[in-house]
Amino acid sequence: MSYSVLIVEDEPVLARNMQAYLERHGVSCQLADSGEEGLSLLEAVRPDVVVLDHNLPGKTGLEVLGIMRTREPKLSVVMVTGHGSEQLAVDAMHAGAFDYLIKPVSLHQLKQVLDRSVQQQRQIQELRHLREGSGALPTAQGLAALVGQSAPMQKLVARLKQIVDADARLTEGHSPAVLICGETGTGKELVARALHFEGPRRAGPFVEINCASLPAHLVESELFGHERGAFTDARERRLGLVEAAHGGTLFLDEVGELELPTQAKLLKLLEDHEVRRLGSVRMQSVDVRVLAATNRPLEDMVKEGRFRRDLFFRLGALRVDLPVLRERAGDVVVLAEAFLARSVRRYGKAGLRFSPQALQRLVEHAWPGNVRELSNVVEQCVMLATDDVIEVDDLSLPVPLDPDIPALDPVNLQAAPSSLPEAERRWLLSALERNRWNVTQAARALGISRDTLRYRIDKFGLR
């Protein structure tokens with residue numbers, strides 16, 4: 001585990017012994033022989049943890065601890081003293097010390113305490129990121145969570161098993177990144193979780209970030225963290241998601257949304273497995289497996305200069321392409337029944353079932369929003385159900401096109417559509433124009449989510 005330590009100790013032999021031992025184990029150390037010097041170095045060094053002697057010339061260790069905790073409330077400090085007493089230990093804990101060691105200090109024990117303090121910091125940061133991102137901690141899911149028996153799904157699961165098995169047999173080096181590609185709603189996050197929770201890193205953290213959900217100027221700070229004062233609103237040090245994922249998996253959803261400067265830093269992470277917080281001059285080694293997902297054509301973005309070619313090839317060393325729902329023959333019914341069972345438990349409506357006609361209508365639908373759209377439709381049916389049977393009229397789906405009846409306004413119907421995509425384009429355009437380009441109302445009229453409609457608008461260039 002890589003981290004930095006500030007050792008505030010006035011006994012030079014002990015201080016140098018601590019430094020030599022810790023640096024042999026990959027820990028970066030800085031020495032100070034007084035509390036005043038330690039406080040001065042705190043700003044310059046910005047350590048992850050401080051080893052603080054109590055019996056110092058000038059300010060005592062407890063006084064220095066109080067000042068350090070005021071400046072850096074989340075700083076981890078381990079107190080050391082040659083004159084141990086129960087009251088001093090209590091005072092140190094009340095002042096915010098992580099732990100308290102009595103001289104002569106076992107260097108092995110010191111390393112264990114420091115490792116534990118840094119690991120606890122990272123776990124706290126990971127939990128905060130997860131709660132801020134989703135409002136609840138995620139449930140672990142493996143390959144068994146991938147529902148479906150169609151040939152494309154069997155091929156996908158076989159591919160994922162190959163990746164998991166190769167990862168388990170890895171004896172040296174780092175696991176390569178995996179690029180998960182697929183349309184919106186095909187289950188990219190579910191696949192990422194399957195790779196993590198089925199693989200050898202399952203006991204480590206699974207940390208995810210949606211690169212499209214944050215303003216561009218915040219993505220870099222979220223990924224790599226920052227030191228206090230690194231920018232205007234950086235009032236305290238914050239570990240980035242990369243460090244929070246140490247020992248586990250970092251999942252970058254919508255990776256195609258990253259700006260070019262952030263792409264360069266991500267490439268360095270993949271190549272060197274090091275990270276540097278904003279405002280810091282020190283690189284930190286991290287052990288992280290990167291999974292990335294996108295619904296955008298990265299190949300085209302590379303040609304247009306909007307995505308780095310070297311990063312594209314680095315991410316795509318292992319690529320997984322997800323099948324769309326309309327190509328998964330037979331899986332719609334299986335998925336619909338699974339979503340129904342889940343929603344029935346959630347909303348307490350036991351005994352609810354689909355009519356044969358409703359299931360047939362689900363099979364006939366094109367599902368432009370893929371599995372996510374199906375999940376949303378089923379959940380809405382359960383929420384609004386007043387009878388034990390879900391009928392066709394209960395499904396929030398657009399009326400299927402009748403080949404004998406024009407489905408588009410005459411102004412838009414210049415000629416018969418030449419292909420299915422062209423028919424879909426006209427269908428979407430008609431709905432948007434009828435709703436005066438109000439995306440929310442048009443999506444409701446079409447029976448799809450706003451995200452699905454926005455994706456289709458981008459796909460067909462409807463602006």
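**Overview.** I started with burial: 49% of the 463 residues in the chain count as buried. This is a predicted model, so every value below is computed from predicted coordinates. I counted secondary structure next and got 18 helices and 14 strands in the chain. Then I checked how far apart in sequence the contacts reach. Taking contacts with a separation of 6 or more, 69% are between residues 24 or more positions apart.

**Helix α7.** I picked α7 (residues 188–198) and asked how many of its residues are buried. The tally is 8 of 11, so I noted α7 as mostly covered. The buried ones are Lys188, Val191, Ala192, Arg193, Ala194, Leu195, His196 and Phe197. I like that Lys188 and Arg193 are on that list. What do the buried residues of α7 pack against? I found α6, plus the strands β6 (178–181), β7 (206–210), β8 and β11 (289–294).

**α6 on α7.** Two packed helices are described by the angle between their axes and the distance between the axes. I looked up both here. The axes of α6 (residues 151–168) and α7 come within 10 Å, and the crossing is at roughly 40°. That makes the two helices oblique to each other, since the roughly parallel class takes only angles under 35 degrees. I logged the crossing of α6 past α7 as right-handed. On the α6 side I listed Leu156, Leu160, Ile163 and Val164, and on the α7 side Val191, Leu195 and Glu198.

An α-helix has 3.6 residues a turn, so residues three or four places apart point the same way.

**Phenylalanine rings.** I went looking for aromatic pairs and the count came to 3. For one of them, Phe197 with Phe206, I wrote down a centre-to-centre distance of 5.9 Å and planes at 35°, so this pair is tilted. Both Phe197 and Phe206 are buried. Ring pairs join Phe197 and Phe206 with Phe251 in a cluster.

**α8 and α10.** Next I compared another helix pair. The axes of α8 and α10 come within 9 Å and cross at roughly 15°. The two are therefore roughly parallel to each other. Which hand does the crossing have, left or right? I noted left-handed for α8 passing α10. Val219, Glu220, Leu223 and Phe224 make the contact from α8, with Thr262, Lys265 and Leu266 coming from α10. I sorted the contact residues into 4 nonpolar, 1 polar and 2 charged. In α8 (residues 216–224), I found Val219, Glu220, Ser221, Glu222, Leu223 and Phe224 buried. Just after α8 comes Gly225, with a positive phi of about 80°.

- The peptide bond from Lys103 to Pro104 is cis, with omega near 0°. I located Pro104 in the loop between β5 (99–102) and α5 (107–134).
- Glu254 has a positive phi of about 55° although it is not a glycine. I placed Glu254 in the loop between β8 (249–253) and α10 (260–272). With 14% relative accessibility, Glu254 counts as buried.
- His273 also has a positive phi, near 55°, without being a glycine. The loop holding His273 runs between α10 and β9 (274–275). I read 14% relative accessibility for His273, so it counts as buried.

Is Asn370 buried or exposed? Its relative accessibility is 0%, so I put it down as buried. Asn370 belongs to helix α15 (residues 370–384). Setting aside neighbours within four places in sequence, I found Asn370 in contact with Glu183, Thr184, Gly185, Thr186, Val324, Leu325 and Arg326.

Last one for today is Glu72, in the loop between α3 (61–71) and β4 (76–81). Its relative accessible area is 8%, so Glu72 is buried. I also checked Glu72 against Arg46: they are 26 residues apart in sequence and 9.5 Å apart in space, C-alpha to C-alpha.

Terms used: Residues numbered from 1 in each chain as written. Predicted model: local features only at pLDDT ≥ 70, side-chain atom pairs only at ≥ 80, totals over all residues. Heavy atoms only, no water. Axes fitted to C-alpha atoms, helices over the stretch in contact; angles between N-to-C directions. Helix = DSSP H or I, 4+ residues; strand = E, 2+ residues; numbered from the N terminus. Parallel < 35°, antiparallel > 145°, perpendicular 65-115°, else oblique. Left-handed = near helix turned anticlockwise from the far one by under 90°. Contact = heavy atoms within 4.5 Å. Phe/Tyr/Trp six-rings, centres within 6.5 Å; stacked < 30°, edge-to-face > 60°. Buried < 20%, exposed > 50% of the residue type's maximum accessible area, 1.4 Å probe, protein only. Nonpolar A, V, L, I, M, F, W, Y, C, P; charged D, E, K, R; others polar.
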